[in-house]
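Hi everyone, thanks for coming. Today I'd like to walk you through one structure, step by step, so please have a look at it with me.

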Amino acid sequence: MAALFDSDEEPSLVIGAEDAVVSRNAAATDLLGEGPVRPEWLAGGEAMVDAADGWPVLLRGEVRGHVSGYRTLRLRDVTLARCREAADRLTAGHGALLAVEPDPVLAVGDLGRIVYANPAVEALLGYGAGAVIGVRMDAVFGRTTATGVRGFLAAYSRVAGEGAALRCDGTSVPVEADLRRIGADVERFIAVRLRAPGAQVWGPAEAEVRLLLAGVHDHGIFLLGPDGRVATWNAAAARATGYSAGEIVGQPCEVLYVEEERAAGHAAANMARAAAEGVLRMEAWRRSRDGGRFWADVTLTALRDEAGQLRGFAKVLCDASARRRAAEAQRALDAAEARNRFVRTVAHELRNPLASVKAITHLAARRARAGQAAATQAATLAVLVNEVDRLAALVNELLEVAQAPEVSPRPVDLIGLIAGIWPGPVESTAGGVPVAGDADKLRTVFLHLLANARKFSPRGGSVRVRVDRRGGCAEVTVADEGIGIPPDELERVFEGFHRGSNLDGHDPGGLGLGLHIAREIVRAHGGRIWAESGAGTTLHVELPLANGTHPAD
(Lines give C-alpha, C1' and ligand atoms only; values in the text may rest on other atoms or scores of the structure.)
Protein backbone atom coordinates (compact mmCIF):
# COMPACT_ATOMS: atom_id res chain seq x y z
CA MET A 1 0.00 0.00 0.00
CA ALA A 2 2.80 2.39 0.88
CA ALA A 3 4.55 1.63 -2.41
CA LEU A 4 1.31 2.23 -4.31
CA PHE A 5 0.76 5.46 -2.44
CA ASP A 6 4.29 6.68 -3.15
CA SER A 7 4.00 5.83 -6.85
CA ASP A 8 0.84 7.89 -7.31
CA GLU A 9 1.56 10.70 -9.78
CA GLU A 10 -1.02 13.02 -8.15
CA PRO A 11 -0.06 14.84 -4.95
CA SER A 12 -1.54 12.73 -2.14
CA LEU A 13 -1.45 12.95 1.67
CA VAL A 14 -2.59 10.64 4.45
CA ILE A 15 -4.64 12.57 7.03
CA GLY A 16 -4.97 11.31 10.59
CA ALA A 17 -6.67 12.54 13.75
CA GLU A 18 -7.36 16.28 14.06
CA ASP A 19 -6.56 16.67 10.35
CA ALA A 20 -2.87 16.12 10.94
CA VAL A 21 -0.70 15.03 7.99
CA VAL A 22 0.61 11.53 8.67
CA SER A 23 2.51 11.16 5.40
CA ARG A 24 2.71 12.57 1.90
CA ASN A 25 3.94 11.11 -1.34
CA ALA A 26 6.80 12.46 -3.45
CA ALA A 27 4.47 14.45 -5.75
CA ALA A 28 2.96 16.26 -2.74
CA THR A 29 6.38 16.99 -1.31
CA ASP A 30 7.63 18.37 -4.64
CA LEU A 31 4.59 20.62 -4.92
CA LEU A 32 4.04 21.80 -1.33
CA GLY A 33 7.18 20.94 0.55
CA GLU A 34 6.18 20.46 4.20
CA GLY A 35 3.35 23.02 4.03
CA PRO A 36 0.14 22.48 6.03
CA VAL A 37 -3.18 21.15 4.73
CA ARG A 38 -5.77 23.79 3.91
CA PRO A 39 -9.22 23.18 5.41
CA GLU A 40 -10.84 23.97 2.04
CA TRP A 41 -9.23 20.85 0.58
CA LEU A 42 -10.69 18.60 3.25
CA ALA A 43 -14.14 19.97 2.36
CA GLY A 44 -13.62 19.25 -1.35
CA GLY A 45 -12.98 22.92 -2.19
CA GLU A 46 -10.17 24.91 -3.77
CA ALA A 47 -7.43 27.00 -2.23
CA MET A 48 -4.45 28.91 -3.61
CA VAL A 49 -1.07 28.19 -2.05
CA ASP A 50 2.53 28.92 -2.86
CA ALA A 51 4.17 25.92 -4.45
CA ALA A 52 7.65 24.84 -3.42
CA ASP A 53 9.14 26.87 -6.29
CA GLY A 54 7.51 30.07 -4.94
CA TRP A 55 4.71 30.31 -7.53
CA PRO A 56 1.03 30.28 -6.53
CA VAL A 57 -1.08 27.34 -7.67
CA LEU A 58 -4.77 26.60 -7.23
CA LEU A 59 -5.49 23.13 -5.86
CA ARG A 60 -8.75 21.28 -5.30
CA GLY A 61 -8.99 18.60 -2.63
CA GLU A 62 -10.60 15.18 -2.95
CA VAL A 63 -10.89 13.02 0.18
CA ARG A 64 -10.99 9.28 -0.34
CA GLY A 65 -11.50 6.39 2.09
CA HIS A 66 -11.74 6.18 5.85
CA VAL A 67 -9.61 3.25 7.01
CA SER A 68 -8.85 2.93 10.72
CA GLY A 69 -9.35 6.65 11.16
CA TYR A 70 -7.10 7.64 8.26
CA ARG A 71 -8.11 9.42 5.06
CA THR A 72 -6.35 9.95 1.76
CA LEU A 73 -6.37 13.51 0.43
CA ARG A 74 -5.57 13.88 -3.23
CA LEU A 75 -4.88 17.30 -4.69
CA ARG A 76 -5.69 18.24 -8.26
CA ASP A 77 -4.03 21.22 -9.87
CA VAL A 78 -6.85 23.30 -11.40
CA THR A 79 -4.68 26.33 -12.15
CA LEU A 80 -4.80 25.91 -15.91
CA ALA A 81 -8.56 25.27 -15.95
CA ARG A 82 -9.19 28.45 -13.95
CA CYS A 83 -6.85 30.39 -16.26
CA ARG A 84 -8.92 29.29 -19.22
CA GLU A 85 -12.13 30.37 -17.49
CA ALA A 86 -10.53 33.72 -16.70
CA ALA A 87 -9.51 33.97 -20.36
CA ASP A 88 -13.16 33.53 -21.40
CA ARG A 89 -14.32 36.23 -19.01
CA LEU A 90 -11.59 38.65 -20.02
CA THR A 91 -12.16 38.09 -23.74
CA ALA A 92 -15.91 38.58 -23.36
CA GLY A 93 -15.47 41.80 -21.43
CA HIS A 94 -12.29 43.33 -22.84
CA GLY A 95 -11.19 41.19 -25.78
CA ALA A 96 -12.29 43.65 -28.45
CA LEU A 97 -10.41 46.48 -26.74
CA LEU A 98 -7.19 44.51 -26.42
CA ALA A 99 -7.24 42.84 -29.80
CA VAL A 100 -7.32 45.98 -31.92
CA GLU A 101 -4.02 47.12 -30.43
CA PRO A 102 -1.43 46.93 -33.20
CA ASP A 103 1.27 46.08 -30.65
CA PRO A 104 1.69 42.73 -28.89
CA VAL A 105 -0.68 42.63 -25.90
CA LEU A 106 -0.67 40.11 -23.06
CA ALA A 107 -2.97 39.93 -20.06
CA VAL A 108 -1.97 38.39 -16.74
CA GLY A 109 -4.49 37.04 -14.23
CA ASP A 110 -4.41 36.89 -10.44
CA LEU A 111 -2.44 33.64 -10.45
CA GLY A 112 0.43 35.39 -12.18
CA ARG A 113 -0.24 33.51 -15.39
CA ILE A 114 -1.05 34.74 -18.88
CA VAL A 115 -4.70 34.54 -19.86
CA TYR A 116 -4.65 36.43 -23.17
CA ALA A 117 -2.38 37.15 -26.13
CA ASN A 118 -3.28 39.01 -29.31
CA PRO A 119 -2.00 37.93 -32.76
CA ALA A 120 0.99 40.28 -32.62
CA VAL A 121 2.35 38.34 -29.62
CA GLU A 122 2.89 35.27 -31.79
CA ALA A 123 4.92 37.30 -34.30
CA LEU A 124 7.07 38.84 -31.55
CA LEU A 125 7.44 36.03 -29.01
CA GLY A 126 6.41 32.91 -30.89
CA TYR A 127 3.42 32.13 -28.65
CA GLY A 128 0.12 31.22 -30.34
CA ALA A 129 -3.14 32.61 -28.98
CA GLY A 130 -4.19 29.27 -27.49
CA ALA A 131 -0.78 27.99 -26.39
CA VAL A 132 -0.04 30.99 -24.17
CA ILE A 133 -2.98 30.48 -21.79
CA GLY A 134 -1.68 29.49 -18.36
CA VAL A 135 1.98 30.36 -19.09
CA ARG A 136 3.68 31.92 -16.01
CA MET A 137 4.83 35.51 -15.99
CA ASP A 138 8.45 34.55 -15.64
CA ALA A 139 8.31 32.78 -19.02
CA VAL A 140 8.09 36.26 -20.60
CA PHE A 141 9.30 38.70 -17.94
CA GLY A 142 12.03 36.73 -16.19
CA ARG A 143 12.17 35.13 -12.76
CA THR A 144 9.65 36.54 -10.27
CA THR A 145 9.16 35.37 -6.69
CA ALA A 146 5.75 34.67 -5.20
CA THR A 147 5.99 37.81 -3.12
CA GLY A 148 6.86 39.77 -6.22
CA VAL A 149 3.91 38.33 -8.12
CA ARG A 150 1.38 39.13 -5.43
CA GLY A 151 2.84 42.50 -4.68
CA PHE A 152 2.90 43.30 -8.36
CA LEU A 153 -0.74 42.25 -8.81
CA ALA A 154 -1.95 44.05 -5.70
CA ALA A 155 0.00 47.31 -5.69
CA TYR A 156 0.71 48.53 -9.19
CA SER A 157 -1.42 51.13 -10.97
CA ARG A 158 0.54 51.70 -14.16
CA VAL A 159 4.11 50.88 -14.98
CA ALA A 160 6.07 51.75 -18.09
CA GLY A 161 9.68 51.09 -18.90
CA GLU A 162 12.20 49.51 -21.19
CA GLY A 163 13.51 46.01 -20.78
CA ALA A 164 13.60 42.66 -22.49
CA ALA A 165 10.97 40.00 -23.13
CA LEU A 166 11.75 36.32 -23.50
CA ARG A 167 10.64 34.49 -26.61
CA CYS A 168 9.29 30.96 -26.30
CA ASP A 169 12.62 29.63 -27.60
CA GLY A 170 14.49 31.32 -24.73
CA THR A 171 15.99 34.20 -26.73
CA SER A 172 15.28 37.78 -25.67
CA VAL A 173 13.99 40.80 -27.57
CA PRO A 174 14.19 44.45 -26.42
CA VAL A 175 10.77 45.90 -25.68
CA GLU A 176 9.11 48.84 -24.00
CA ALA A 177 6.37 47.60 -21.68
CA ASP A 178 3.21 49.51 -20.82
CA LEU A 179 1.30 47.86 -17.95
CA ARG A 180 -2.10 48.90 -16.71
CA ARG A 181 -4.87 47.41 -14.63
CA ILE A 182 -8.14 46.35 -16.23
CA GLY A 183 -11.17 44.90 -14.50
CA ALA A 184 -12.79 45.52 -11.13
CA ASP A 185 -11.32 44.76 -7.72
CA VAL A 186 -13.19 41.43 -7.68
CA GLU A 187 -11.13 40.19 -10.62
CA ARG A 188 -8.14 42.15 -11.86
CA PHE A 189 -5.96 41.63 -14.87
CA ILE A 190 -2.76 43.26 -15.98
CA ALA A 191 -2.69 44.28 -19.62
CA VAL A 192 0.90 44.32 -20.83
CA ARG A 193 1.49 46.06 -24.14
CA LEU A 194 4.91 45.47 -25.66
CA ARG A 195 6.43 47.62 -28.38
CA ALA A 196 9.79 48.44 -29.81
CA PRO A 197 11.50 51.20 -27.81
CA GLY A 198 10.35 54.63 -29.04
CA ALA A 199 7.35 53.30 -30.99
CA GLN A 200 4.20 55.42 -31.30
CA VAL A 201 1.58 55.11 -28.55
CA TRP A 202 -2.10 55.02 -29.45
CA GLY A 203 -4.07 58.13 -28.54
CA PRO A 204 -7.66 58.87 -27.44
CA ALA A 205 -9.15 58.44 -30.94
CA GLU A 206 -7.94 54.85 -31.18
CA ALA A 207 -9.25 54.14 -27.68
CA GLU A 208 -12.68 55.37 -28.77
CA VAL A 209 -12.60 52.96 -31.71
CA ARG A 210 -11.79 50.11 -29.35
CA LEU A 211 -14.72 51.07 -27.12
CA LEU A 212 -17.00 51.20 -30.14
CA LEU A 213 -16.07 47.66 -31.21
CA ALA A 214 -16.59 46.33 -27.71
CA GLY A 215 -20.04 47.92 -27.48
CA VAL A 216 -21.55 46.53 -30.70
CA HIS A 217 -24.25 43.99 -29.88
CA ASP A 218 -26.12 43.31 -33.13
CA HIS A 219 -23.20 42.40 -35.41
CA GLY A 220 -20.46 39.88 -34.75
CA ILE A 221 -17.20 41.81 -35.11
CA PHE A 222 -13.93 39.99 -34.65
CA LEU A 223 -10.36 40.04 -35.82
CA LEU A 224 -8.34 37.40 -37.62
CA GLY A 225 -4.58 37.19 -37.67
CA PRO A 226 -2.76 37.14 -41.00
CA ASP A 227 -2.96 33.34 -40.85
CA GLY A 228 -6.74 33.40 -40.44
CA ARG A 229 -6.87 32.46 -36.76
CA VAL A 230 -9.53 34.11 -34.63
CA ALA A 231 -7.97 36.77 -32.40
CA THR A 232 -11.01 38.45 -30.83
CA TRP A 233 -14.65 37.62 -30.30
CA ASN A 234 -17.51 39.86 -29.25
CA ALA A 235 -20.84 38.96 -27.65
CA ALA A 236 -22.82 39.26 -30.90
CA ALA A 237 -20.51 36.75 -32.62
CA ALA A 238 -21.01 34.37 -29.71
CA ARG A 239 -24.80 34.67 -30.01
CA ALA A 240 -24.76 34.11 -33.76
CA THR A 241 -22.48 31.05 -33.73
CA GLY A 242 -22.81 29.54 -30.25
CA TYR A 243 -19.03 29.61 -29.70
CA SER A 244 -17.70 31.27 -26.56
CA ALA A 245 -14.57 33.36 -26.79
CA GLY A 246 -12.55 30.73 -24.95
CA GLU A 247 -13.59 28.04 -27.42
CA ILE A 248 -12.82 29.90 -30.63
CA VAL A 249 -10.04 32.40 -29.99
CA GLY A 250 -6.91 30.91 -31.52
CA GLN A 251 -8.87 28.57 -33.80
CA PRO A 252 -8.65 28.88 -37.62
CA CYS A 253 -11.61 30.69 -39.10
CA GLU A 254 -12.40 27.56 -41.14
CA VAL A 255 -14.34 26.25 -38.13
CA LEU A 256 -17.10 28.70 -39.09
CA TYR A 257 -17.31 27.41 -42.66
CA VAL A 258 -19.67 24.62 -43.69
CA GLU A 259 -18.06 21.35 -44.71
CA GLU A 260 -18.25 21.77 -48.47
CA GLU A 261 -16.68 25.24 -48.31
CA ARG A 262 -13.87 24.00 -46.05
CA ALA A 263 -13.16 21.19 -48.50
CA ALA A 264 -13.05 23.69 -51.38
CA GLY A 265 -10.61 25.98 -49.53
CA HIS A 266 -12.98 28.95 -49.49
CA ALA A 267 -11.57 30.43 -46.26
CA ALA A 268 -8.08 30.91 -47.71
CA ALA A 269 -9.53 32.06 -51.03
CA ASN A 270 -11.72 34.68 -49.32
CA MET A 271 -8.77 36.06 -47.32
CA ALA A 272 -6.68 36.22 -50.48
CA ARG A 273 -9.42 38.18 -52.26
CA ALA A 274 -9.86 40.54 -49.31
CA ALA A 275 -6.10 41.11 -49.16
CA ALA A 276 -6.05 41.90 -52.88
CA GLU A 277 -9.26 43.96 -53.08
CA GLY A 278 -9.33 45.48 -49.60
CA VAL A 279 -12.92 44.48 -48.78
CA LEU A 280 -14.91 41.36 -49.63
CA ARG A 281 -18.67 41.23 -49.09
CA MET A 282 -20.80 38.11 -49.46
CA GLU A 283 -23.75 36.12 -48.21
CA ALA A 284 -23.09 32.45 -47.50
CA TRP A 285 -23.87 29.53 -45.22
CA ARG A 286 -21.87 29.42 -42.00
CA ARG A 287 -21.55 26.71 -39.36
CA SER A 288 -22.63 27.10 -35.74
CA ARG A 289 -21.14 25.32 -32.75
CA ASP A 290 -23.89 22.66 -32.67
CA GLY A 291 -23.18 21.71 -36.30
CA GLY A 292 -26.19 23.57 -37.67
CA ARG A 293 -26.16 26.14 -40.45
CA PHE A 294 -27.20 29.75 -40.60
CA TRP A 295 -27.26 32.20 -43.48
CA ALA A 296 -24.76 34.98 -42.84
CA ASP A 297 -24.07 38.42 -44.23
CA VAL A 298 -20.27 38.67 -44.13
CA THR A 299 -17.82 41.52 -44.68
CA LEU A 300 -14.11 40.74 -44.61
CA THR A 301 -11.69 43.71 -44.55
CA ALA A 302 -7.91 43.50 -44.83
CA LEU A 303 -6.05 45.48 -42.13
CA ARG A 304 -2.70 47.02 -43.06
CA ASP A 305 -0.32 49.23 -41.15
CA GLU A 306 1.18 52.49 -42.41
CA ALA A 307 3.89 50.60 -44.26
CA GLY A 308 1.27 48.54 -46.12
CA GLN A 309 2.08 45.36 -44.19
CA LEU A 310 -0.91 43.01 -43.79
CA ARG A 311 -1.67 42.82 -40.06
CA GLY A 312 -4.79 40.67 -40.27
CA PHE A 313 -8.48 40.95 -41.11
CA ALA A 314 -11.57 42.48 -39.55
CA LYS A 315 -14.67 40.39 -40.03
CA VAL A 316 -18.27 41.53 -39.58
CA LEU A 317 -20.80 38.71 -39.46
CA CYS A 318 -24.56 39.08 -39.15
CA ASP A 319 -27.06 36.23 -38.93
CA ALA A 320 -29.27 36.85 -41.96
CA SER A 321 -31.33 33.66 -41.64
CA ALA A 322 -34.55 35.51 -40.82
CA ARG A 323 -34.07 37.85 -43.76
CA ARG A 324 -33.41 34.90 -46.08
CA ARG A 325 -36.53 33.09 -44.86
CA ALA A 326 -38.59 36.24 -45.36
CA ALA A 327 -37.18 36.69 -48.87
CA GLU A 328 -37.88 33.05 -49.75
CA ALA A 329 -41.41 33.34 -48.39
CA GLN A 330 -41.94 36.51 -50.41
CA ARG A 331 -40.62 34.85 -53.55
CA ALA A 332 -42.99 31.94 -52.97
CA LEU A 333 -45.88 34.36 -52.52
CA ASP A 334 -44.87 36.26 -55.65
CA ALA A 335 -44.65 33.01 -57.63
CA ALA A 336 -48.03 31.87 -56.35
CA GLU A 337 -49.58 35.23 -57.20
CA ALA A 338 -48.01 35.14 -60.68
CA ARG A 339 -49.37 31.64 -61.20
CA ASN A 340 -52.81 32.68 -60.00
CA ARG A 341 -52.80 35.75 -62.25
CA PHE A 342 -51.92 33.52 -65.18
CA VAL A 343 -54.65 31.02 -64.36
CA ARG A 344 -57.23 33.79 -63.84
CA THR A 345 -56.28 35.44 -67.11
CA VAL A 346 -56.44 32.20 -69.09
CA ALA A 347 -59.71 31.17 -67.48
CA HIS A 348 -61.36 34.52 -68.10
CA GLU A 349 -60.08 34.63 -71.67
CA LEU A 350 -61.56 31.17 -72.28
CA ARG A 351 -64.77 31.73 -70.40
CA ASN A 352 -66.33 34.41 -72.59
CA PRO A 353 -65.97 32.72 -76.00
CA LEU A 354 -66.74 29.38 -74.36
CA ALA A 355 -70.05 30.75 -73.07
CA SER A 356 -71.03 31.80 -76.60
CA VAL A 357 -69.99 28.43 -78.07
CA LYS A 358 -71.85 26.60 -75.34
CA ALA A 359 -75.07 28.54 -75.87
CA ILE A 360 -75.03 28.03 -79.64
CA THR A 361 -74.16 24.34 -79.25
CA HIS A 362 -76.99 23.67 -76.82
CA LEU A 363 -79.43 25.53 -79.07
CA ALA A 364 -78.37 23.44 -82.05
CA ALA A 365 -78.65 20.27 -79.98
CA ARG A 366 -82.19 21.12 -78.89
CA ARG A 367 -83.17 21.72 -82.52
CA ALA A 368 -81.57 18.44 -83.52
CA ARG A 369 -83.52 16.56 -80.87
CA ALA A 370 -86.69 18.24 -82.13
CA GLY A 371 -86.07 16.78 -85.57
CA GLN A 372 -84.89 20.00 -87.16
CA ALA A 373 -81.47 18.56 -88.13
CA ALA A 374 -80.22 15.45 -89.78
CA ALA A 375 -79.34 12.43 -87.63
CA THR A 376 -75.62 12.75 -88.27
CA GLN A 377 -75.74 16.36 -87.23
CA ALA A 378 -77.52 15.39 -84.04
CA ALA A 379 -74.81 12.86 -83.11
CA THR A 380 -72.08 15.36 -83.86
CA LEU A 381 -73.77 18.03 -81.80
CA ALA A 382 -74.18 15.58 -78.87
CA VAL A 383 -70.42 14.98 -78.82
CA LEU A 384 -69.80 18.70 -79.10
CA VAL A 385 -72.12 19.40 -76.17
CA ASN A 386 -70.26 16.90 -73.98
CA GLU A 387 -66.88 18.34 -74.88
CA VAL A 388 -68.00 21.93 -74.33
CA ASP A 389 -69.45 20.99 -70.94
CA ARG A 390 -66.18 19.28 -70.05
CA LEU A 391 -64.19 22.33 -71.14
CA ALA A 392 -66.45 24.59 -69.08
CA ALA A 393 -65.87 22.38 -66.01
CA LEU A 394 -62.10 22.62 -66.50
CA VAL A 395 -62.24 26.41 -66.73
CA ASN A 396 -64.32 26.58 -63.56
CA GLU A 397 -61.78 24.40 -61.77
CA LEU A 398 -58.96 26.71 -62.85
CA LEU A 399 -60.86 29.70 -61.47
CA GLU A 400 -61.49 27.94 -58.17
CA VAL A 401 -57.78 27.13 -57.81
CA ALA A 402 -56.73 30.72 -58.57
CA GLN A 403 -59.04 32.27 -55.98
CA ALA A 404 -58.78 31.79 -52.22
CA PRO A 405 -62.04 30.29 -50.88
CA GLU A 406 -64.32 32.91 -49.36
CA VAL A 407 -66.60 31.32 -46.77
CA SER A 408 -69.92 32.75 -45.60
CA PRO A 409 -70.78 30.39 -42.72
CA ARG A 410 -74.35 29.49 -41.85
CA PRO A 411 -75.76 26.38 -40.16
CA VAL A 412 -75.80 23.55 -42.71
CA ASP A 413 -77.03 19.97 -42.23
CA LEU A 414 -74.44 17.78 -43.92
CA ILE A 415 -76.80 14.80 -44.31
CA GLY A 416 -79.35 16.88 -46.18
CA LEU A 417 -76.70 18.68 -48.25
CA ILE A 418 -75.08 15.43 -49.44
CA ALA A 419 -78.44 13.72 -50.03
CA GLY A 420 -79.28 16.55 -52.41
CA ILE A 421 -76.33 15.76 -54.70
CA TRP A 422 -75.93 11.98 -54.23
CA PRO A 423 -78.53 9.59 -55.58
CA GLY A 424 -77.37 6.73 -53.39
CA PRO A 425 -77.96 6.22 -49.66
CA VAL A 426 -76.22 8.42 -47.07
CA GLU A 427 -75.46 6.26 -44.03
CA SER A 428 -75.65 7.84 -40.57
CA THR A 429 -76.62 7.03 -37.01
CA ALA A 430 -77.31 10.71 -36.27
CA GLY A 431 -80.61 12.42 -36.91
CA GLY A 432 -78.83 15.53 -38.18
CA VAL A 433 -75.26 16.71 -38.37
CA PRO A 434 -75.15 20.53 -38.41
CA VAL A 435 -71.96 22.44 -39.20
CA ALA A 436 -71.29 26.16 -39.58
CA GLY A 437 -70.33 26.49 -43.21
CA ASP A 438 -70.93 27.86 -46.65
CA ALA A 439 -73.44 25.51 -48.26
CA ASP A 440 -72.32 26.24 -51.83
CA LYS A 441 -68.65 25.71 -51.01
CA LEU A 442 -69.33 22.51 -49.04
CA ARG A 443 -71.47 21.22 -51.91
CA THR A 444 -68.44 21.75 -54.18
CA VAL A 445 -66.30 19.72 -51.77
CA PHE A 446 -68.55 16.69 -51.82
CA LEU A 447 -69.22 16.92 -55.55
CA HIS A 448 -65.46 16.61 -56.09
CA LEU A 449 -65.14 13.72 -53.62
CA LEU A 450 -68.07 11.82 -55.13
CA ALA A 451 -66.88 12.46 -58.69
CA ASN A 452 -63.42 11.21 -57.72
CA ALA A 453 -64.89 8.04 -56.19
CA ARG A 454 -67.03 7.30 -59.26
CA LYS A 455 -64.14 8.08 -61.63
CA PHE A 456 -61.81 5.51 -60.08
CA SER A 457 -64.37 2.81 -59.25
CA PRO A 458 -64.62 -0.22 -61.53
CA ARG A 459 -67.76 -0.83 -63.56
CA GLY A 460 -70.37 -2.13 -61.15
CA GLY A 461 -68.37 -1.03 -58.09
CA SER A 462 -70.13 0.66 -55.19
CA VAL A 463 -69.48 3.98 -53.47
CA ARG A 464 -70.44 4.33 -49.80
CA VAL A 465 -71.10 7.67 -48.13
CA ARG A 466 -71.38 8.03 -44.37
CA VAL A 467 -71.91 11.04 -42.06
CA ASP A 468 -71.28 10.78 -38.29
CA ARG A 469 -70.64 12.90 -35.23
CA ARG A 470 -67.29 12.34 -33.52
CA GLY A 471 -66.79 14.46 -30.43
CA GLY A 472 -67.18 18.09 -31.44
CA CYS A 473 -66.78 17.36 -35.14
CA ALA A 474 -68.71 16.00 -38.06
CA GLU A 475 -66.96 13.35 -40.15
CA VAL A 476 -67.93 12.46 -43.69
CA THR A 477 -66.40 9.40 -45.38
CA VAL A 478 -66.59 8.56 -49.06
CA ALA A 479 -65.33 5.03 -49.79
CA ASP A 480 -64.87 3.41 -53.19
CA GLU A 481 -63.71 0.01 -54.47
CA GLY A 482 -61.28 1.44 -57.00
CA ILE A 483 -57.55 1.07 -57.65
CA GLY A 484 -56.52 2.77 -54.42
CA ILE A 485 -53.65 5.19 -53.80
CA PRO A 486 -49.97 4.25 -53.32
CA PRO A 487 -48.97 4.82 -49.64
CA ASP A 488 -46.36 7.45 -50.51
CA GLU A 489 -48.97 9.51 -52.41
CA LEU A 490 -51.69 9.72 -49.73
CA GLU A 491 -50.69 13.34 -48.93
CA ARG A 492 -49.78 14.35 -52.47
CA VAL A 493 -53.24 13.53 -53.90
CA PHE A 494 -54.38 16.85 -52.44
CA GLU A 495 -51.73 18.84 -54.29
CA GLY A 496 -52.77 20.76 -57.39
CA PHE A 497 -52.36 18.97 -60.76
CA HIS A 498 -51.32 15.68 -59.08
CA ARG A 499 -52.01 12.54 -61.07
CA GLY A 500 -51.62 9.10 -59.50
CA SER A 501 -48.64 6.94 -60.48
CA ASN A 502 -50.75 3.75 -60.54
CA LEU A 503 -53.18 4.63 -63.32
CA ASP A 504 -51.58 1.97 -65.56
CA GLY A 505 -52.48 3.72 -68.80
CA HIS A 506 -56.04 4.47 -67.66
CA ASP A 507 -56.61 8.21 -68.03
CA PRO A 508 -59.75 9.29 -66.19
CA GLY A 509 -59.43 12.84 -67.51
CA GLY A 510 -59.39 16.09 -65.59
CA LEU A 511 -56.59 18.32 -64.38
CA GLY A 512 -56.05 16.69 -61.02
CA LEU A 513 -57.51 19.71 -59.21
CA GLY A 514 -60.66 18.33 -57.60
CA LEU A 515 -59.15 17.08 -54.33
CA HIS A 516 -56.90 20.16 -54.12
CA ILE A 517 -59.94 22.45 -54.35
CA ALA A 518 -61.75 20.33 -51.76
CA ARG A 519 -58.82 20.58 -49.35
CA GLU A 520 -58.60 24.37 -49.62
CA ILE A 521 -62.34 24.77 -48.96
CA VAL A 522 -62.23 22.38 -45.99
CA ARG A 523 -59.26 24.27 -44.52
CA ALA A 524 -61.14 27.54 -44.93
CA HIS A 525 -63.89 26.01 -42.75
CA GLY A 526 -61.37 25.08 -40.03
CA GLY A 527 -61.53 21.40 -40.87
CA ARG A 528 -59.22 18.77 -42.30
CA ILE A 529 -59.29 16.19 -45.08
CA TRP A 530 -57.24 13.03 -45.52
CA ALA A 531 -57.13 9.80 -47.48
CA GLU A 532 -56.75 6.14 -46.56
CA SER A 533 -56.18 3.35 -49.03
CA GLY A 534 -56.49 -0.40 -48.97
CA ALA A 535 -59.08 -2.23 -51.05
CA GLY A 536 -60.06 1.03 -52.68
CA THR A 537 -59.82 4.53 -51.28
CA THR A 538 -61.60 6.19 -48.37
CA LEU A 539 -61.64 9.99 -48.20
CA HIS A 540 -62.38 11.60 -44.82
CA VAL A 541 -63.60 15.15 -44.19
CA GLU A 542 -63.76 16.48 -40.64
CA LEU A 543 -65.59 19.76 -39.91
CA PRO A 544 -66.40 21.50 -36.61
CA LEU A 545 -70.00 21.04 -35.50
CA ALA A 546 -72.20 24.13 -35.23
CA ASN A 547 -72.75 24.95 -31.56
CA GLY A 548 -76.28 25.74 -30.43
CA THR A 549 -77.64 26.27 -33.96
CA HIS A 550 -80.34 24.74 -36.10
CA PRO A 551 -79.45 23.72 -39.62
CA ALA A 552 -80.79 25.76 -42.47
CA ASP A 553 -83.10 24.16 -45.00
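Let's begin with strand 18 and strand 19, which run antiparallel and are joined by seven bridges. Before going on, a word on the source: this is a predicted model, where local features need pLDDT of at least 70 and side-chain atom pairs count only at pLDDT 80 or more, while totals for chains, interfaces and linings use all residues. Residues are numbered from 1 along each chain as its sequence is written, and side-chain values use heavy atoms, with hydrogens and water left out.

Helices (H or I, at least four residues) and strands (E, at least two) are DSSP runs, numbered from the N terminus. Two strands pair if DSSP finds at least two bridges between them. Strands of a sheet pair through backbone hydrogen bonds, either parallel or antiparallel.

Back to our two strands. Arg-466 stands opposite Thr-477 in strand 19. In the hairpin of strand 18 and strand 19, two residues lie between the strands, and Gly-471 takes a positive phi near 65 degrees.

Now, which strand pairs with strand 19 over seven bridges, in the antiparallel sense? That is strand 21, residues 536-544, while strand 19 covers residues 473-479. Across this pairing, Val-476 stands opposite Val-541, and the bridge partner of Val-478 is Leu-539.

Let's zoom out. The open sheet has five strands in the order 16-18-19-21-20, with mixed pairing. Strand 16 (426-427) and strand 20 (528-534) are the edge strands, each pairing on one side only. Helix 16 (residues 439-456) packs on the sheet and touches strand 18, strand 19, strand 20 and strand 21. Here contact means heavy atoms within 4.5 Å. Five of the seven residues of strand 19 are buried (under 20% relative accessible area; exposed is over 50%, partly exposed in between, with a 1.4 Å probe and protein chains only), so strand 19 is largely enclosed by the rest of the structure.

Staying with strand 21, let's pick out Glu-542, which is found there. Is Glu-542 buried or exposed? Glu-542 is buried, with a relative accessible area of 19%. Leaving aside neighbours within four places in sequence, Glu-542 is in contact with several residues, including Cys-473, Arg-528 and Trp-530.

On to ring pairs. Rings of Phe, Tyr and Trp (its six-membered ring) pair if their centres lie within 6.5 Å; planes under 30 degrees apart count as stacked, over 60 as edge-to-face and the rest as tilted. By this rule the count comes to two aromatic pairs. Phe-222 and Trp-233 have ring centres 4.8 Å apart and planes at 55 degrees, so this pair is tilted. Both Phe-222 and Trp-233 are buried. Trp-285 and Trp-295 have centres 5.0 Å apart and planes at 75 degrees, so this pair is edge-to-face. Trp-285 is partly exposed at 31% relative accessible area, whereas Trp-295 counts as buried at 13%.

Finally, Ser-321 lies in helix 13 (residues 321-369). Beyond neighbours within four places in sequence, Ser-321 is in contact with Phe-294 and Trp-295.

Conventions: Axes are lines fitted to C-alpha atoms, for helices over the stretch in contact, and angles run from 0 to 180 degrees between N-to-C directions.
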